[in-house]
Structures are given as structure tokens and as C-alpha cells.
Amino acid sequence: MPEVSDTALTETGLPIDTPRGQVLLIACGALAREILDLKTANGWSHLDLTCLPAKYHLYPEKITESVREAVSKHRHAYDQIFVVYADCGTGGLLEAACKELGVEMVAGPHCYSFFEGNDRFAAQSETEFTTFYLTDFLVRQFEAFVIKPMGLDRHPELRDMYFGNYEKLVYQAQTEDPDLTAKAQACADLLGLAFERRFTGYGDLATTLAKL
């Protein structure tokens, strides 16, 4: 598959390259690189991937209907369709739609949870109410998903209003990348938060896809 930019994954998603598998993954663009890496590492040639624009996380009301449309568009061509979204702010609407459509989806409230491992995230969330999370993708796209939508590029004085009740930024690292770690540290500094890096790898995403 040709190299695709983070900007393209944010704005337009990822089309199916050459349909050849038996299972179609309909995923968030923010997960494209992780899924492609897992496919390559494990030889999962039976899995095809298409992604919706990652920016839908800024407008979660768009996710459910877009997943419905994607399932309808591709259902005839695959033995199975699997949705690689967690709830992602849809308030249970995505889960209800998937049940109605007869397709399965990744378990968990959001990608931070399944990267950490849903059980572990649930246990430690009791003491992490004041934590702001970033993944590899969100570190790379920090401007597009945090700075610009919140208007901090135009009004940096709003920082403390948005983040005054947070205490630390946790970077959930999917890969070992010193440059990304340095950028994540800079993100924490910009937001005035303590910094913690956790290497999560692919967490429950990997174990879930391995079962397909």
C-alpha cells in the first residue's frame, strides 16, 4: 500500500487498496498505521482495511452513521466485517448500530483504554481523573486535534481554562520512537502538565484482531 500521510488519515481516511481478504476492518484513521503494522508483522493477508477520517473524533455524532454507510457499501464483498472503533464518544449509539447491522466491534470506551488494556485501564482510571492521554497518532497530530480545535494557536491564554484541572499528560506509546517521545514531552510542557510515558504497544487491539 502506498505511504499515506497523517493529514490524509485525519481528513479523508483510507480507502481499500486492492480488495483481497475475507474480513474487512472498518477503522478510525487514527488507527491505520497500527493496524497496517500488525497486518504486516503477523501476515494477516485475510484482513483488508478501510478507515474513516480520524477527524470524526472531533464530531463523534458523525461516526455511527458513517460506519453504517461503510458497512452497507462493502457488506456484499466480504464474509465478515469488523468495526475497529470503541464507543469513541457516541454514547452507546455505535454499539447499538453494530448489533443492528450484525457486525462486531472492538470492546472498550475509547482507544486509550484498549491500547492500555481495557481491564488495566478501568482499574487505574479510578486514580487518573486528572490525566490527559495521547497516542502515537495524536502526538504526531497534536496541532490538528488539540491546539487548533481548542483555539490555542490563536488564544494561548485559554490553556489554563481547558487544562487547569489536569495534572499530567500520559503518552501511551505504541512504538519505540525517541522523536515521538520528545514531541510528547513538548506537548506536556506546552499544556503545563507533568509528563509520563507508558509503552503500551498495541494492547487489546492486537489480541482482538488476532482472533479474526
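Let me begin with one side chain: F132 counts as buried, because its relative accessibility is 14%, where buried means under 20% relative accessible area, exposed over 50%, and partly exposed in between, with a 1.4 Å probe and protein chains only. The model I am presenting is predicted, so local features need pLDDT of at least 70 and side-chain atom pairs count only at pLDDT 80 or more, while totals for chains, interfaces and linings use all residues. Residues are numbered from 1 along each chain as its sequence is written, and side-chain values use heavy atoms, with hydrogens and water left out.

Next, the aromatic pairs. Rings of Phe, Tyr and Trp (its six-membered ring) pair if their centres lie within 6.5 Å; planes under 30 degrees apart count as stacked, over 60 as edge-to-face and the rest as tilted. By this rule, there are seven aromatic pairs. One of them joins F132 and F163 edge-to-face, at 5.2 Å centre to centre and 90° between the planes. F132 belongs to strand 5 (residues 131-134) and F163 to helix 9 (residues 159-163), so this pair ties together parts that are 31 residues apart in sequence. Helices here are DSSP runs of H or I with at least four residues, strands are runs of E with at least two, and both are numbered from the N terminus.

Is F163 buried or exposed? F163 counts as buried, because its relative accessibility is 3%. F163 also pairs with Y166 in a tilted arrangement, with 5.6 Å centre to centre and 45° between the planes. Y166 is partly exposed, at a relative accessible area of 31%. Elsewhere, ring pairs link Y112, F121 and Y133 into a cluster.

I turn now to the whole chain. The protein chain has eleven helices and seven strands. Its radius of gyration is 17 Å, which agrees with the value near 17 Å for a compact globule of 212 residues; the radius is taken over C-alpha atoms, and the globule rule is 2.2 Å times the number of residues to the power 0.38. Along the principal axes, the C-alpha atoms fill a box of roughly 50 × 35 × 35 Å. Of the 212 residues, 48% are buried. Among contacts (heavy atoms within 4.5 Å) between residues at least 6 apart in sequence, 70% join residues at least 24 apart.
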